[in-house]
Amino acid sequence: MLTGGLQKLTTLDFPGVVSSIVFTKGCNFRCPYCHNPELVALGFYLKNPKHQSTSDADLMPHATGQPTQAATVQEAATTVPANASQLLEHSSAAQTSHGQAATSAPSPYCGNLEPRAEMEELFRFLHKRQGLIDGLVISGGEPCLQPDLPEFCREVRKLGYKIKLDTNGSRPQMLQTLLDSSLLDYVAMDLKTLPAAYFKYGFCREADIESRLLQTMDILRDCGLPYEYRTTCVAPFIDREIILELAQLIGASGRTGMAGAAKTDTPWYFQKARLNNVLSPETPMEALSDETVAELVAEAAKLAPKAALRGE
Ligand code: SF4
């Protein structure tokens, strides 16, 4: 596992479970508003020969698909920002999620140790916290790109922790593997825009990303575990029409697309965006206003009654 930081305590991220959050390093997405560029880029690891055995092609940006305007996003991602060290320290009170920044409290390690040492440090921490926290949130970056994620989860399970996975939804096979091995208790998947538009907007340059996302949604519908969707409200990726289509898609759970959409009781959390210190500030985009976000939540709730603004 390549890890880039640890938040010691959260009471908000994993519903009903007092938890810590471990952030994995490396992501196959380039969301322009991502607040964790240091978790997306692999500069440190690619320079570290000890790490090459676990550096999967999946961890490389845009390993497949055609390079288009997203190349500029990719270039931005290779530069570790001045605030990287701040981003690796996380608050015990603030909610964090995939690519969303939090403020700080010292973390036991800062993602700059050799990977084996980081794991030892992490498990020392988890041993010490047994009985004090009940769960571990695995966030990123994209955790499902880590080939040894199942093994890691097994070790965490041995210590008695519940596990929540935060995912961008692009690796349904890994998700299925984790579910088949009963290694998860809760899953949160991002919905950044319509699955058909991820490639166009440069979120992901994998040619089959739409089908992967729909497959993940189907897996979640059938998995029997609690799960949620999360949407960050940034134009032009999100607007009223897109939310209505996503609501129908969630109701139909991906497989049947727009036709036959039904109401769903799946939680769907909307997050307001802050566009300071983001991965690709040159991308034309705009954080939706509080008023617009409230309207979108109301629209979404017509098909997804558990649509809500995060934190309210
Ligand atoms: S999927 Fe998450 S970690 Fe990856 S670029 Fe997007 S916001 Fe950042």
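## Sheet architecture

Eight strands form an open sheet with mixed pairing, in the order β1-β2-β3-β4-β5-β6-β8-β10. Strands here are DSSP runs of E with at least two residues, and helices are runs of H or I with at least four, numbered from the N terminus. Two strands pair if DSSP finds at least two bridges between them. From one strand to the next, the twist averages 20°.

Within this sheet, strand β5 (residues 186-190) and strand β6 (residues 227-232) run parallel and are joined by four bridges. Met189 stands opposite Tyr229 in β6.

## Basis of the model

The model is predicted: local features need pLDDT of at least 70, side-chain atom pairs count only at pLDDT 80 or more, and totals for chains, interfaces and linings use all residues. Residue numbers start from 1 along each chain as its sequence is written.

## Chain overview

The protein chain has 11 helices and 10 strands. Of its 312 residues, 46% are buried; a buried residue has 20 or more other C-beta atoms within 10 Å of its own, with C-beta atoms placed from the backbone. Among contacts between residues at least 6 apart in sequence, 72% join residues at least 24 apart. A contact requires the C-beta atoms of two residues, placed from the backbone, to lie within 7 Å.

## Packing of α6 and α7

Helix α6 (residues 149-158) and helix α7 (residues 172-180) pack at an angle of about 30°, and their axes are 10 Å apart. Axes are lines fitted to C-alpha atoms, for helices over the stretch in contact, and angles run from 0 to 180 degrees between N-to-C directions. The two helices, α6 and α7, are therefore roughly parallel to each other, a label given to angles under 35 degrees.

The contact involves Leu149, Pro150 and Cys153 of α6 together with Met174, Thr177 and Leu178 of α7. By class, the contact of α6 with α7 has five nonpolar residues, one polar residue and no charged residues. Ala, Val, Leu, Ile, Met, Phe, Trp, Tyr, Cys and Pro count as nonpolar, Asp, Glu, Lys and Arg as charged, and the others, Gly among them, as polar.

Val22 lies in strand β2 (residues 19-24). Val22 is buried because 24 other C-beta atoms lie within 10 Å. Not counting residues up to four places away in sequence, Val22 touches Thr3, Leu6, Leu122, Leu136 and Ile138. Val22 and Gly140 are 118 residues apart in sequence, yet 7.7 Å apart in space, C-alpha to C-alpha.

Definitions and conventions
Parallel < 35°, antiparallel > 145°, perpendicular 65-115°, else oblique. Buried ≥ 20, exposed ≤ 12 C-beta atoms within 10 Å, placed from the backbone.
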